[in-house]
Amino acid sequence: MSSAGVWWLFLLIGFGTFLQRLSFIFLIGKVSMPEWLRRGLRFVPASVLAALVFPALTHPAGTLDLSFGNFRLLAGLVGAVVAWRTRNVLLTLAAGMLALWALQALF
Amino acid sequence: MKPIRNDFLAGARATLPILLGVAPFAMITGVSAVAVGLSPFDSFGMSVIVFAGASQLAVLQLMKTGSPWIIMVLTAWIINLRFIMYSAVLAPFMQKLKTQEKSLMAYMLSDQAFGISMSYFATHEDVDKRWFYFGTALTVWLTWQVSAIAGSLLGTLIPAAWGFDFAFPLSFMALMFAALSDRPTVAAAVAGGLTAVMGKGLPYNIGLVLAALVGISSGLLAENMQQAARPSRAQ
């Protein structure tokens, strides 16, 4: 992709994202949020984040790998336990990265 | 004038511990932008124009696999749909602002500014909510931009063998667990995650869009089932 092309891409993404951010801050008092939208939006973070995380662990090199040789899957599980217990980004990053480096050093 | 300034500073102060998570995340976006072949200037443009880390990382990953632009745009917009929800929650506090001020507040909206403001407002009724929010949003924004620039300049120095790209799924994972508040949200995550795994081989990386839709539908279905189960138990 050319340099001009990526800037157009950023502008398109950025403008849409800005409209999403502005939506109800601008519209409040003019329209109210429909019930189905409010209910559906609640599930966006969990769905999208899981959709980004799962394949990154199961397809580290682009193909499905559920073996013990998939260090990213194992380290990811360590990270998942820490994320679940602590809900802390920094501790999750530390535990996952250390697990990955330990596995790479040992095997 | 003084209490307003205090509320702005209180917002900035409440943000400080969170910056330990913001800075590395922003650096990673800078590092990965350079890794897919963007210049540090392009990377800076992206972080100022888009200013939404999860969508930026997803777009960079799609760029690496050579996806069509429409998939990159749709993926980013879907990831950023959550801002509509945040916007609806924050809207009542912003109602009296001028349109330009509303636009500035909206542009700076981030997961962290939203989360910090909401948890603070829950226990502090007397705060000027607009100034507190502005304090946290501006602090996050500045830290994000500086860290992203640092990441794009240092990016070429970090060896790929260290596997720092693994920090994205890990940081997403922590955010995902924070979003799991009840059974329907867990159902949404499991369904969305498994769909993404099964749809990984689909062309144009359409699996991600499909996974988001399946996840949202599963969450709604689980919520309906929960609500249907409750009255029958009461009888």
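In the predicted model, the domain assignment divides chain A into domain 1, covering residues 1-32, and domain 2, covering residues 43-106. The centres of domain 1 of chain A and domain 2 of chain A, taken over C-alpha atoms, are separated by 31 Å.

Chain A also meets chain B. In this interface, 59 residues of chain A are in contact with 72 residues of chain B. On the side of chain A that touches chain B, at least two residues each are supplied by helix H1 (3-27), helix H2 (35-41), helix H3 (44-58), helix H4 (71-86) and helix H5 (89-106) of chain A. The most is given by H1(A), with 19 residues. Sorted by class, the side of chain A that touches chain B contains 38 nonpolar, 16 polar and 5 charged residues.

The largest nonpolar core has 102 residues. Within this core, the residues with the most contacts are Leu49(A), Val53(A) and Met176(B). H3(A) contributes 11 residues, the largest share of the core. The surroundings of Met176(B) include residues of both chains: Met176(B) touches Ala46(A), Leu49(A), Ala50(A) and Val53(A) in chain A, and Ala189(B) in chain B, when residues up to four places away in sequence are not counted.

Helix packing was examined next, in chain B. Two packed helices are described by the angle between their axes and the distance between the axes. Helix H8 (residues 111-123) of chain B and helix H9 (residues 129-154) of chain B pack at an angle of about 145 degrees, and their axes are 9 Å apart. The crossing of H8(B) and H9(B) is right-handed. From H8(B), the residues that take part in the contact are Gln112(B), Ala113(B), Ile116(B), Ser117(B), Tyr120(B) and Phe121(B). These meet Lys129(B), Phe132(B), Tyr133(B), Thr136(B), Ala137(B) and Val140(B) in H9(B). By class, the contact of H8(B) with H9(B) has 8 nonpolar, 3 polar and 1 charged residues.

Helix H9 of chain B also holds Leu153(B). With 16 other C-beta atoms within 10 Å, Leu153(B) is partly exposed, because a residue is classed as buried at 20 or more such atoms and as exposed at 12 or fewer. Leu153(B) and Pro40(B) are 113 residues apart in sequence, but their C-alpha atoms are 6.3 Å apart in space.

Methods:
Residues numbered from 1 in each chain as written. Chains lettered and ligands numbered in written order. Predicted model: local features only at pLDDT ≥ 70, side-chain atom pairs only at ≥ 80, totals over all residues. Contact = placed C-beta atoms within 7 Å. Helix = DSSP H or I, 4+ residues; strand = E, 2+ residues; numbered from the N terminus. Nonpolar A, V, L, I, M, F, W, Y, C, P; charged D, E, K, R; others polar. Domains from an automatic or database assignment. Core = buried A, V, L, I, M, F, W, Y, C linked by C-beta atoms within 7 Å. Axes fitted to C-alpha atoms, helices over the stretch in contact; angles between N-to-C directions. Left-handed = near helix turned anticlockwise from the far one by under 90°.
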